[in-house]
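Hi,

Here is the structure I promised to pass on.

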Amino acid sequence: MEFGLLIIFWYGVLHAFGPDHLTAIADFSIGRQRRKVMMVTLGFAVGHGVSLYLFALLLSSMDIPEGWLAYGDVVAASVIILMGLYLLYLVFSDRIHVSKHEHNGREHIHVWFGKEHHHRRPFFGWLSTSAMLGILMGMGGARGMLVSLSAISGQDVSGWMVLSFTSGVALVFMVFGVLLAVLNTRLLSSKKWLNGSFTLAGVVSCLVGVQAFL
């Protein structure tokens, strides 16, 4: 069983490299402070694992038609496309701003969106939002993942299997988050860099989402 969990962990690592996953994380992480980036990546990984476990329970207790399950892919692809369109909207409506100010005597560079600068979103709100994103993205291809996990272990999907899979996913997402956080230190210094990065991320997100429909 331990060897099977190790294989499932590695499967989670490979699964995390999917372009839709990395695109979604990048969309949410561009221009964010390091702590927020790490909360986004962690929340996305946890949400992905939770969705897998919920689908395992659902599919084991109900006979769901294959046609219904295909809608999960539609939801996941639609989320990616809408995120891309939103990023492009922020760029072309000039709603991305960079400002320098002080917090407790320390200079702070902050990226904000819209017409007002505020800090209304609670810190753990980033965790819950990204976890919900992970759940929505997990709807796409969930049945395929469950079939793969069952084939690897030769038994029904268990909580330990989901935990191993989620740990593998989280490892890749956290490393990717660190790279994005390092990149953001450059992006935070220039509105021009930010606009270019948001435009690129928006276009890539739309292309990845459309590709998922094909």
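A word on burial before anything else: I call a residue buried under 20% relative accessible area, exposed over 50%, and partly exposed in between, using a 1.4 Å probe and protein chains only. By that rule Phe 165 is buried, because its relative accessibility is 1%.

Please keep in mind that this is a predicted model, so local features need pLDDT of at least 70 and side-chain atom pairs count only at pLDDT 80 or more, while totals for chains, interfaces and linings use all residues. Residues are numbered from 1 along each chain as its sequence is written, and side-chain values use heavy atoms, with hydrogens and water left out.

Overall picture

The protein chain has eight helices and two strands, in the order α-α-α-α-β-β-α-α-α-α from the N terminus. Helices (H or I, at least four residues) and strands (E, at least two) are DSSP runs numbered from the N terminus. Of the 214 residues, 46% are buried. For contacts (heavy atoms within 4.5 Å), 78% of those with a separation of 6 or more join residues 24 or more positions apart. The accessible surface comes to about 11,700 Å², and carbon and sulfur atoms own 67% of that; areas are from the Shrake-Rupley method with a 1.4 Å probe, and for residues only the protein chains shown count as cover.

Helix α2 and His 21

α2 is mostly covered, with nine of its eleven residues buried. Among them are His 21, Asp 27 and Phe 28. After the helix comes Gly 31, with a positive phi near 80 degrees.

His 21 sits in α2 (residues 19-29) and counts as buried because its relative accessible area is 4%. Its side chain reaches the backbone oxygen of His 15 at 3.1 Å, and it also makes a polar contact with the side chain of His 48 at 3.2 Å. A polar contact here is a pair of N or O atoms within 3.5 Å; within protein, one must be able to donate a hydrogen and the other to accept it, and residues adjacent in sequence count only if both atoms are side-chain atoms. Leaving aside residues up to four places away in sequence, His 21 touches His 15, Ala 16, Phe 44, His 48 and Phe 173.

The whole structure has three aromatic pairs. One of them joins Tyr 11 and Phe 165, tilted, at 5.7 Å centre to centre and 40 degrees between the planes. Tyr 11 belongs to α1 (residues 2-16) and Phe 165 to α7 (residues 159-187), so the pair links parts of the chain 154 residues apart. Rings of Phe, Tyr and Trp (its six-membered ring) pair if their centres lie within 6.5 Å; planes under 30 degrees apart are stacked, over 60 edge-to-face, and the rest tilted.

Ser 164 is also in α7 and is buried at 13% relative accessible area. Not counting residues up to four places away in sequence, Ser 164 touches Leu 5, Ile 8 and Phe 9.

Asp 94 has a positive phi of about 55 degrees although it is not a glycine. Most residues other than glycine have a negative phi. Asp 94 lies in the loop between α4 (66-92) and β1 (96-103) and is partly exposed, at 45% relative accessibility.

Over to you!
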